[in-house]
Amino acid sequence: MKMQGLSLDQAPPYKIPMIYYIIASFYLISFCFSILSYANGIESRYYYESIAITHILTLGFFTHVMIGSLFQMIPVIIGIAYKKVNIQAILVLLFLNIGTICFITGFLTSKKIFMHLSSLFLILALVFFAVSTFFTILKTEDKNPTVKTFITALSFLFFGVILGIITLINHGSGFTSKNFADVHISIIFFGWLIMLISGVSYKVVPMFYVTKEYPLFIKNHFYWIISLILIFLSLFIITDSKFVPLFKTLLAVFTLIFSLTTLHLLKNRKRPRRDTTINLWYFAMINLSFASVFWIISIWIKVEIDFLISIVFGLGFAYSLINGMLYKIVPFLTWFHLSSKMIFDAEMSQVIQNNYMKLQYNIFIVSYFMFLLSLLFKSFIYVAIVLFLISSLILCYNIISAYTYYKRLNKTI
Amino acid sequence: MTIKEYMTHNHKECDELLAQLENEVENANWDKVLKLSDEFKHETLKHFDMEESYLFPMFDEKSSTGGCGPTKVMKMEHDQARSIFPKIEEAIKDKDSDRFFGLSESLMILIQQHNSKEEQMLYTMIQNIFNNDNDTIVEKLQSYEFK
């Protein structure tokens, strides 16, 4: 019987995911200050400032939380440990930060040297992470739908990063990179983000909220259908084919099926309590449904609603879901690591005060609607940003307070 | 039914009991809460005992880990879960629903991540080793007695 590598005590030390989360929350605050500074002058998503600000959120906040969580969750969900997780996690963190800072600096100052440096470090961080996680997951014997979906998502992360880097390197050199940028966005949002979230959802939604399992059709077929659509869509975008709208629509329809299924499962869940995390899950999935519908409308009725879609998808869906996951993961991790050290005084409900979670959630929701209103009345943008900044500061405080709670109780032994 | 399916199904039954218990606390049906709390505790501890007294020793012997491999970690997590039960009983006695929900959340996530590791890995390995004796083992598990 081969027992090598079989240890179920494989989670990384507490500090690994927490460092990622704390740094992520600092990027979130920087994101607020950046839009406060540049919001007025941006009129297209292809503006340099717009590209820089988008990546403070995607690379700085989303990617940090996702990678920190995967280092923690892969051993639990898949049952296989990362080799030398401390070294891997620190190297990825270091390269990701250098890459992200160079990227932002490059676009805000229009200096190519920073863009090229960022290409190098982002490849080192993200491709290394994707490949390492891919081969770690491959070791599992049980290739269930979550495993298959994760493997597919990581493959798309790999190609999405490569395409992003091609776009970045060729930027401004006479070679048109707009099509590559569009493929990069499609692959990262649908092949990586939505795919990863669907894989996590198959496990997390039934487990944490005691819902029915996702239908077998979705678990077994969603990942390859999305992959196939994405491959065709990418080829059609690069060749400027007339089929692009059709395949974008297919992508939106399948995303809508996923979000509506999740809403249905959550509505019929067996755990009765509505806490901040479930509110955020609901909010995220409602927004994903709206984003899919708005996207279909913008494809077929030529209306310019890019900013509406980016608010609904970026803040309403992706940010909300990540915020909700943080409020599930951080208190549990803190309590779990303390009780593993026989510190039984710790209780999960004390790690982050419930009132602060609710306050942060409520301010975020108001800011979200202010962002939507700002599409009609431009002056609302500043109210929206200030509220989102306050909400982000509370989120940052909540994460750091969890860390200090751990430190305080850990000192007692 | 395979060993893996039986044990996984048993996990789900315990999850549903905890969900029912939370439901009764939410509705402040404290009489029902007491009864359900006892039932949930009994079923969960019975499940732990099935593993610790029957399945894990068999697995350790056959896989030559001497009890130092994955089963040791699983037993530690069982102990972590056991340590929450007295606190839950205390919260129920005080009719303190806020504290109860904080504790039930901890227990729920602890058990879920624990179950995930067992279902993903350990039960798969147990199934592979004892596939030929599957029916005998499942029968024994179905009629398992726990005091």
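Reader: How many salt bridges does the count come to over all chains?
Author: First, this is a predicted model: local features need pLDDT of at least 70, side-chain atom pairs count only at pLDDT 80 or more, and totals for chains, interfaces and linings use all residues. Residues are numbered from 1 along each chain as its sequence is written, chains are lettered from A and ligands numbered from 1 in the order in which they are written, and side-chain values use heavy atoms, leaving out hydrogens and water. A salt bridge here is a side-chain nitrogen of Lys or Arg within 4 Å of a carboxyl oxygen of Asp or Glu. By that rule, the count over all chains is 13.

Reader: Which residue does R271(A) form a salt bridge with?
Author: Side chains of opposite charge can pair when their charged atoms come close. For R271(A), the closest N and O atoms are 3.0 Å apart, and the partner is E105(B). R271(A) sits in the loop between helix 8 (244-267) and helix 9 (276-300) of chain A, with its partner in helix 5 of chain B, so the pair joins two chains. (A helix is a DSSP run of H or I, at least four residues, numbered from the N terminus.) So the name you want is E105(B).

Reader: What is the count of salt bridges between chain B and chain A?
Author: One of them joins the side chains of K270(A) and E16(B), at 2.7 Å from N to O. Between chain B and chain A, the count is seven.

Reader: How much area do chain B and chain A bury between them?
Author: Contact means heavy atoms within 4.5 Å, and 42 residues of chain B touch 40 residues of chain A that way. Q80(B), Q120(B) and M121(B) supply 19% of the area chain B buries there, more than any other three residues. Buried area is the accessible area (1.4 Å probe) that two parts lose on being put together, summed over both. Carbon and sulfur atoms take 63% of the total, which is about 3600 Å².

Reader: Which residues lie nearest the centre of the largest cavity?
Author: A cavity is a set of points, on a 1 Å grid over the protein atoms alone, where a 1.4 Å probe fits but cannot get out; lining residues have an atom within 4 Å of a point. The largest cavity holds about 200 Å³ of space, a volume being the space filled by probe spheres set on points joined across faces, edges and corners. Helix 2 (48-77), helix 6 (178-209) and helix 10 (306-340) of chain A each give its lining at least two residues. Of the 15 lining residues, the ones nearest the centre are M66(A), L196(A), I197(A), V200(A) and M325(A).

Reader: Which residues is L308(A) in contact with, leaving aside its neighbours within four places in sequence?
Author: L308(A) belongs to helix 10 of chain A. Its C-alpha atom is separated by 34 Å from that of I74(A), 234 residues apart along the chain. With those neighbours set aside, L308(A) touches F294(A), L372(A) and L375(A).

Key:
1 Å grid on protein atoms, 1.4 Å probe; cavity = no way out; pocket = protein on both sides within 12 Å on 5 of 7 lines; lining within 4 Å.
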